[in-house]
Amino acid sequence: MPTDIKSLTREELEAQFKTWGEPAFRVTQLLDWLYVRRATTWDALSNLPKTLRAKLRENFSLEILELARKQGSPDTTQKFLWQLADGQFIESVLIPANPALYGEASDRHTLCISTQVGCAYGCRFCASGLDGWKRNLGVHEIVEQILAVERWSAAESSRLKVASCKLETAAADEPATCNLQPATDSRVVNNLVVMGMGEPLANYDNLIKALKILNAPWGGGIGARRMTISTSGLAPQIRKLAVEPMQFRLAISLHGATDEVRNRLMPVNKKYPLSELTAACEDYQKVKGRMITLEYILIAGINDSLEQTRPLATLAKRLYAKINLIPYNKVEGLPWVRPADEVCERFLAALEKLGVTAMLRREKGGDIDAACGQLRLKTERALAESQQP
Ligand code: SF4
């Protein structure tokens, strides 16, 4: 398989163009096509000479994520199911910073991206790991999730503008001349969270290279401090991340503040128990000096009792961490249940009383198969059923 053009850094492209005898400014033009205009075909690169386009076509691929399904409406959280070039599916989720609660659409968005097809870590509550791990995503497949969402957003806003232009011209009894071109240069994604399908730190090298491309001014232009990497607790990779020069944010998918609870939910805890995970987080903080986030999915009868708040608060204080409480989103086929709203509120209040910073995600996500990996799982299973003789 040829290397995809979107898995190369500017320096790598410059070296390649030099061996071809192409001037350096052609790299700038190419990067503009890839990351500003978000071109989808080699033919679109109209200001590059045909000979250069032919060389690019011969040596590299230019893969595009195909939108297989989308759930949610433009003002709320939206989930995208993408089909990759080899037919596999992955998910990305676009979350408005202000979820338009008061009728005001937000122009700031966080995108949650995937790093693997499936997941090998098998957390008991998660849909992503249910059918196991299939493969790591390539650098370009991580990068493309942002570009594909921005392409979709540009086309969508253009479609809405044309619809409103047609209404206006019809009302004024004028002939319709509404053929607006999709805007290509607007940035939609301001924050990235690497918390979708897969364990990000198990695809370490591809992830870090993709984030460098997404951070570069010639690439995605997203600040490293606006990128959060979440891990289920791979202690050695947390230490490796600590020495990366970029200032990413770190989130730990904790979900249990004792080994007893975590062992029940997350097999990774047998390999890296809490003592080891905590030590790695402390080492990370010594180097980075940055606040860590502890993600804690509240599951009825498993980790939502008030007695769990004390060890959780102790851990958060030790790590100078804030806690994100996320009521469980039901996954079909799994026995776990979301606690009642009052239980979640009580848990939050108890943590606050213990003097830690905690937030409770209150919006409902069940209507869009909000649990990570669920849309992919449903689609794959429906496809498999439809293909049975
Ligand atoms: S929670 Fe994350 S690490 Fe655990 S199975 Fe799901 S995707 Fe994998």
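**Helix pairs and a ligand shell**

The axes of helix α1 (residues 10–19) and helix α2 (residues 25–36) come within 9 Å and cross at roughly 130 degrees. That angle makes α1 oblique to α2. Angles under 35 degrees count as roughly parallel, over 145 as roughly antiparallel, 65 to 115 as roughly perpendicular, and the rest as oblique. In this pair, α1 passes α2 in a right-handed crossing. Right-handed means that the near helix is turned clockwise from the far one by less than a right angle; anticlockwise is left-handed. From α1, the contact uses Arg-10, Leu-13, Glu-14 and Phe-17, and from α2 it uses Arg-26, Val-27, Thr-28, Leu-30 and Leu-31. Contact means heavy atoms within 4.5 Å. By class, this contact of α1 with α2 has five nonpolar, one polar and three charged residues. Ala, Val, Leu, Ile, Met, Phe, Trp, Tyr, Cys and Pro count as nonpolar, Asp, Glu, Lys and Arg as charged, and the others, Gly among them, as polar.

The model is predicted: local features need pLDDT of at least 70, side-chain atom pairs count only at pLDDT 80 or more, and totals for chains, interfaces and linings use all residues. Residues are numbered from 1 along each chain as its sequence is written, and side-chain values use heavy atoms, leaving out hydrogens and water. Helices (H or I, at least four residues) and strands (E, at least two) are DSSP runs, numbered from the N terminus. Axes are lines fitted to C-alpha atoms, for helices over the stretch in contact, and angles run from 0 to 180 degrees between N-to-C directions.

Next come α6 and α9. Helix α6 (residues 235–242) packs with helix α9 (residues 274–288) at about 0 degrees, their axes 9 Å apart. So α6 is roughly parallel to α9. Among the contact residues are Ile-238 and Arg-239 of α6 and Tyr-284 and Val-287 of α9. The contact of α6 with α9 has 10 nonpolar, no polar and four charged residues.

Further along, helix α10 (residues 309–318) and helix α11 (residues 341–353) pack at about 50 degrees, with axes 10 Å apart. They are therefore oblique to each other. Thr-309, Leu-312 and Ala-313 of α10 meet Phe-347, Ala-350 and Leu-351 of α11.

Now the ligand. Around it stand Cys-119, Tyr-121, Gly-122, Cys-123, Cys-126, Ser-128, Gly-198 and Ser-232, each with a heavy atom within 4 Å. The shell has four nonpolar, four polar and no charged residues.
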